[in-house]
Protein chains: 2
Amino acid sequence: MAKVEKTAAVQPDAKDRLLAAALDQFTRRGYASTTVRELCEAAGVTKPVLYYYFKNKEGLYLELMDSSYSLFESTITELISFSGTSSQCLVHFCQGIFDIGCQHRQVVQLCFSIYYGPPQGAPEYDLDSFYTRILDEIAKILQRGILCEEIRDGSVNDMAWSILALMNVVIEEHICLREPRIDGAAMIRMIQLLFDGIRAK
Amino acid sequence: MAKVEKTAAVQPDAKDRLLAAALDQFTRRGYASTTVRELCEAAGVTKPVLYYYFKNKEGLYLELMDSSYSLFESTITELISFSGTSSQCLVHFCQGIFDIGCQHRQVVQLCFSIYYGPPQGAPEYDLDSFYTRILDEIAKILQRGILCEEIRDGSVNDMAWSILALMNVVIEEHICLREPRIDGAAMIRMIQLLFDGIRAK
């Protein structure tokens, strides 16, 4: 153990490099297909360093998810401090989630591939928590909008899912492997369409 | 070859069983992790039967995708023969796509896992063609709606992506592994919200 601690001590960023390598390898090659040896080679560390920080591949995956969720949570906290009309708050919130999704594209890709793909033996992680958290905050903004009569009374649930859907489809366009066909500006226009309705008056 | 043909002749449904086994194995275990031997075992056929019908695993995957696309295409053809107002046509179309997605849930799951997951070595298949086809038909309905002044003039592209997004989020809820939180009825209410707008008048 003394030897490992010394190795870690001379590589102060070894932990971050392992997290970055895990994100990259798990996303591009899949969780199941990536071995501890490959992770260590990609991070430029020896196996004992990985075992020291994360215990095993499962531990590394879980730490990657936890740190991603923490970053996501602090973004949410920042986004909901914004004040304005409901439509301004929704646009600000969706834009912020979209931006962080684009900045951490590989994290979103990894979540999608674990969520929709074969389980791959990855340890359980409540990936729904990201989605549910977004949905809850959108619902709160909508509820405030109904209270102050900016939004008409109706099913907050249906409205929240609609906003989530518009955000989701644009984020999906940005995590697939080809050029996205819609961008953040389109998302904002789509939210405006939902506010104003597309039916001719 | 004579022996293979005889084997195939006594198993008239061998081809369909191989397609069904491939869909099930690729979806649950992943394309890369599934071997020809496992596919044959699951279908209850010998390897020469698989080689006879599909040449190899790649051929089996491509045939599975092609037959799925054919089924999808014939559903589209049927759905667009419906007549009614634009909102009725959109609801009918989205409901039909949602229904076929639920009936062929594993196909949708497989497409999602290949699209968002690690490439897994699966041969190239234009998975975007499903999405683009849906988007085009939604745009046509919207254009007719604008022409007959049921829908206000504006960006057909933004409107089509909005409708697609509402349909997409509900389908996604139905292909993940837990109980879906929204259903086809919610999708229809969400489309109505987009038509009428959520802003208080």
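Begin with both chains in view: a rotation of 180 degrees, with 0.0 Å of shift along its axis, superposes chain A on chain B with an RMSD of 0.0 Å. That is the relation of a two-fold axis. To locate this axis, select Gly197(A), whose C-alpha is the nearest to it in chain A, at 1.8 Å. Please keep in mind throughout the tour that this is a predicted model.

**Chain A as a whole**

Chain A contains 10 helices and 0 strands. Its C-alpha trace spans about 70 × 35 × 25 Å along the principal axes. Of the 201 residues in chain A, 39% are buried. Among contacts in chain A with a separation of 6 or more, 66% join residues 24 or more positions apart.

**Where the chains meet**

Chain A contributes 41 residues and chain B contributes 41 residues. On the side of chain A that touches chain B, the elements giving two or more residues are α2 (14-29), α7 (105-116), α9 (156-175) and α10 (184-196) of chain A. Which of them gives the most? Colour α9(A) to see the answer, for this helix supplies 10 residues. Colouring by class divides this side of chain A into 21 nonpolar, 10 polar and 10 charged residues.

**The nonpolar core**

Next, select Ile163(A), Ile191(A), Ile163(B) and Ile191(B). Of the 123 residues in the largest nonpolar core, these four touch the most other members. Centre the view on Ile163(A). Apart from its neighbours within four places in sequence, Ile163(A) is in contact with Leu90(A), Cys94(A), Ile138(A), Ile191(A) and Leu194(A).

**Two crossing helices in chain B**

Move to chain B and select helix α2 (residues 14-29) together with helix α4 (residues 47-54). Their axes come within 10 Å and cross at roughly 95 degrees. α2(B) and α4(B) are therefore roughly perpendicular to each other. To view the contact itself, show the side chains of Ala14(B), Lys15(B) and Leu18(B) from α2(B), and of Val49(B), Leu50(B), Tyr53(B) and Phe54(B) from α4(B). By class, the residues of this contact are 6 nonpolar, no polar and 1 charged.

**Two residues with positive phi**

Most residues other than glycine have a negative phi. Select Lys55(B), in the loop between α4 and α5 (57-79) of chain B. Lys55(B) has a positive phi of about 75 degrees, although it is not a glycine. Is Lys55(B) buried or exposed? With 12 C-beta neighbours inside 10 Å, Lys55(B) counts as exposed.

Glu149(B) lies in the loop between α8 (128-147) and α9 of chain B. Its phi is also positive, near 60 degrees, and Glu149(B) is a residue other than glycine. Glu149(B) is exposed, with 9 other C-beta atoms within 10 Å.

**Last stop: His174(B)**

Finally, select His174(B), which is in helix α9 (residues 156-175) of chain B. This residue has 17 C-beta neighbours inside 10 Å and so counts as partly exposed. Leaving aside neighbours within four places in sequence, His174(B) is in contact with Gly101(B), Cys102(B), Arg105(B) and Pro180(B). To end, draw a line from the C-alpha of His174(B) to that of Pro12(B): these atoms are separated by 33 Å, and the residues are 162 apart along the chain.

Key
Residues are numbered from 1 along each chain as its sequence is written. Chains are lettered from A and ligands numbered from 1 in the order in which they are written. This is a predicted model: local features need pLDDT of at least 70, side-chain atom pairs count only at pLDDT 80 or more; totals for chains, interfaces and linings use all residues. Helices (H or I, at least four residues) and strands (E, at least two) are DSSP runs, numbered from the N terminus. A residue is buried if 20 or more other C-beta atoms lie within 10 Å of its own, exposed if 12 or fewer, and partly exposed in between; C-beta atoms are placed from the backbone. Two residues are in contact if their C-beta atoms, placed from the backbone, lie within 7 Å. Copies are superposed by least squares on the C-alpha atoms of residues with pLDDT of at least 70 in both. Axes are lines fitted to C-alpha atoms, for helices over the stretch in contact, and angles run from 0 to 180 degrees between N-to-C directions. Angles under 35 degrees count as roughly parallel, over 145 as roughly antiparallel, 65 to 115 as roughly perpendicular and the rest as oblique. Ala, Val, Leu, Ile, Met, Phe, Trp, Tyr, Cys and Pro count as nonpolar, Asp, Glu, Lys and Arg as charged, and the others, Gly among them, as polar. A nonpolar core is a set of buried Ala, Val, Leu, Ile, Met, Phe, Trp, Tyr and Cys residues joined through C-beta atoms within 7 Å.
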